[in-house]
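Here is a short report for a reader new to this structure. Please look through the sequence and the model, then read on.

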Amino acid sequence: DGALSLYRPLGYQMLEALDPVALAPGYTELIAGPRTFLAETRAHPSLPYIATNWKAEEARYQLPRYRIVPAKTEAGIIHIGFVAMLDPVLATIIPQLSQEGVDITEPIEAIQNAVDEMYDSETPPDMVLMLTTAGSAVLETARRELRGVDLMVGDQTLATLRVLQQELTLRPLPYTRRGAPATLSMDGIATAELWFEITEAPKGEEPTNKPNKAPLSASAAEGGPREAPPPDVETHLRAVRSVPRLVRGEVPLDMGVQGQITAIRARQYPRLDKQLIPAFSPTAPLKESAWAQLVCESVRTATGADSVFLHELPPVVDIPGPMTELQVVNQLAMLDTLQTHWIPGGAFNGILDKAFGMDGLIACGATPTNRIAQGRGIDGARTYRVVSTDRTVASHPIGPLLTAAKPGMALDGPGIATVRGPGGQPATLRETVLDTLREIRDEGGHPDAIKNWILTAPTKMPPQWLVRVRQLNLRISQFQGTDNASFAEVPETLATSPSSFTFGSDLDVAFEYSSPRVLADIRARSMFTTLRTEEDVEPVETADDLRGSSSFSVPHWKFPVFPSLQLMPYTEALFDTEYTAIENDDGTVNSRQSDLSQTIGVSAVPTGWLGALRIGSFVNRDIAQFSDKPPEFGGKVEWATAQAVGTSLRWTTSGDIQIFANTPDDDASDLRLRAFVETRFSLPLARFLNIDFYAQGFGIQGRVPENDDFGFSYTIGSSLSVTGAFQL
């Protein structure tokens, strides 16, 4: 786990046995970083690795930029120049390159500088061959812009497997006008035979190839030396014939190599020769989509993530039937380690918007097409756990979205953490998937348990407890006036106003439980504000309300009204009271509010911007006047919405409207309408700390002639508030 292939040393031995004259490193060599690669190659000093667009901060990590190799021919020595163009994408998909001080530079400029340098050297090449790991886009640019490269080797397209033989006949041109006419395949093994033409340079003109200053040697047919051609000759690549060499089963084995492979297998295979993944089809192999879902859901199950994002996985082995642990190990030959990203709910929706249609993205949990996290819609008040891997973040377009969306306020934590395994080491994708699948298989007693698990895992809604803080703030202000009557005529409020003290608080906190069958909460709400001035004997209460409630909904019985709106039955018990009773001007004290009500109705399933919508009928009893007042009946509507505005501002609204029916004993204390609405803009200072700007409106109307008027009051203000939803 987290280590390199046990076959790597053998791979270098086999490569060394081929006696190569030039090699370009690729993804496999560099996968663990340049330090590991160079440490491995020091054990095989005859391997001539070059890298033209490779720049290391430390000289010991620098590779040669090119090589000029003499090759004996019947006509003499032909000098072949080799350059190596590495794909710039390597710097992205292998983070260790930059971490260890190696930069994969812009390839075209680096290659052209090296080619020009070779042709200006004491021994200029007769041709230049470029080895490359680059993708098609970089190769296309190289074909258009590079001058002096005769051939490229590195075509990765599968179409080359169809080629039996490729032949080219070339026109002689000066090196400054020569582009590469072909890119030869690197699928399996191929040979390329080269034919050169040596001609005299035209009279009075410079040779198109600079003459070799080192003496040319040649061998005649008898093997004896002969004189080198005169210096005013031109050597041109005239023809190329490339032939792919398929490695078939009848090719004789190298018994030394076979023995080493067998020894490794004998040690490793027995412990992994256990069935792990059942056959999803009796005749067809596991599909790429099914394999990706297995890997992704395994990570999500192991980490408890709300969403998992992974880059494209290596192609799954095309073999029908069940998969053993060994096959899964081979499929997950990756060094990716897991990372947790804490993403605010509002930013999470934005990430899912931008991730829609991204190529090579594997997602589960909340995805761009299914915005359901742990069986629930995205909640803007929550912070979500998104798990990815270090290489996904470094190499895939989803990475910058995740790193940019992390909480970035001064009081926040880092927002990104490495997932740790049981021993405290970084958890790898490989071991996390293996451990999860093994655990599911062993707990179920059979690999078919994995098939049953994957059918339910994506839609599973585990029980969840939340502490939801909709509002929590405290306001205290002290004003000390001048207390000097001589300034009574001065038109300045700060000079004439009496000293005062204001205290206020807002509270709206709930414990919420959710599961596939039940949604329930226990909620406390409070509004309290007092104002005391020197002229008042007692403080004046400008707001005084205390509510305790508990509600119960049944999502198992939900039914659709619109495609985006589903309703379910609910009931709520509410006790509405106040901290202190209201004192009238004549000194009498009203009875303290003590209303107990029960509501039954329908509630909307939270989705998107709609956090709550409840419509129901209620019965209310005034406990303080239990024997004097009959039960009251009426209808009730409650709602709450949340919407992100831009990248940081959050807009929420809420409301509670009650309409009361007539009773036989109505009096001036009874209401027809009671309505409270609020709109609030929140600017975050930290993950759960906001500056709020809000407006509240309160409407009231009586139901007897004495108070059959509509009254309205409002409050506009700002506060420092704690808000958020915290999973227990």
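Asp670 has a relative accessibility of 6%, so Asp670 counts as buried. This is a predicted model. The partner of Asp670 is Lys629: their side chains meet in a salt bridge, 2.8 Å from N to O. Lys629 sits in the loop between β29 (610–622) and β30 (632–645), while Asp670 sits in the loop between β31 (649–660) and β32 (671–686). The pair therefore ties together parts that are 41 residues apart in sequence. Lys629 is buried as well, at 9% relative accessibility.

The cut-off for buried is under 20%. Arg468 is buried too, with a relative accessible area of 12%.

## A salt bridge within one helix

Arg143 and Glu140 form a salt bridge, with their closest N and O atoms 3.4 Å apart. Both belong to helix α7 (residues 136–145). They are three residues apart there, so about one helical turn separates them. Arg143 is partly exposed, at 34% relative accessibility. Glu140 is partly exposed as well, with a relative accessible area of 36%.

How many salt bridges does the count come to? The count is 35. Some residues are linked in a network of salt bridges: Asp521, Arg525, Glu572, Arg614, Lys636 and Glu638.

## Asp576 and its surroundings

Asp576 belongs to strand β27 (residues 565–577). Asp576 is buried, with a relative accessible area of 6%. The side chain of Asp576 makes a polar contact with the side chain of Arg547, at 3.3 Å.

Which residues touch Asp576, leaving aside its neighbours within four places in sequence? The contacts are Asp545, Leu546, Arg547, Gln593, Ser594 and Asp595.

## Two helices that cross

Two packed helices are described by the angle between their axes and the distance between the axes. Helix α9 (residues 288–303) packs with helix α15 (residues 448–456) at an angle of about 80 degrees. Their axes are 11 Å apart. That angle makes α9 roughly perpendicular to α15.

From α9, the residues that meet α15 are Gln293, Leu294, Glu297, Ser298 and Thr301. From α15 come Ile450, Trp453 and Ile454. By class, this contact has four nonpolar, three polar and one charged residues.

## Two residues with positive phi

Asp19 is not a glycine, yet has a positive phi of about 55 degrees. Asp19 lies in the loop between α1 (8–17) and α2 (27–30). At 62% relative accessibility, Asp19 counts as exposed.

Gln374 is not a glycine either, and its phi is positive at about 55 degrees. Gln374 is found in the loop between β18 (372–373) and β19. Is Gln374 buried or exposed? At 13% relative accessibility, Gln374 counts as buried.

Note on methods: Residues numbered from 1 in each chain as written. Predicted model: local features only at pLDDT ≥ 70, side-chain atom pairs only at ≥ 80, totals over all residues. Heavy atoms only, no water. Helix = DSSP H or I, 4+ residues; strand = E, 2+ residues; numbered from the N terminus. Buried < 20%, exposed > 50% of the residue type's maximum accessible area, 1.4 Å probe, protein only. Polar contact = N/O pair within 3.5 Å; in protein donor to acceptor, adjacent residues only side chain to side chain. Contact = heavy atoms within 4.5 Å. Axes fitted to C-alpha atoms, helices over the stretch in contact; angles between N-to-C directions. Parallel < 35°, antiparallel > 145°, perpendicular 65-115°, else oblique. Nonpolar A, V, L, I, M, F, W, Y, C, P; charged D, E, K, R; others polar. Salt bridge = Lys/Arg side-chain N within 4 Å of Asp/Glu carboxyl O.
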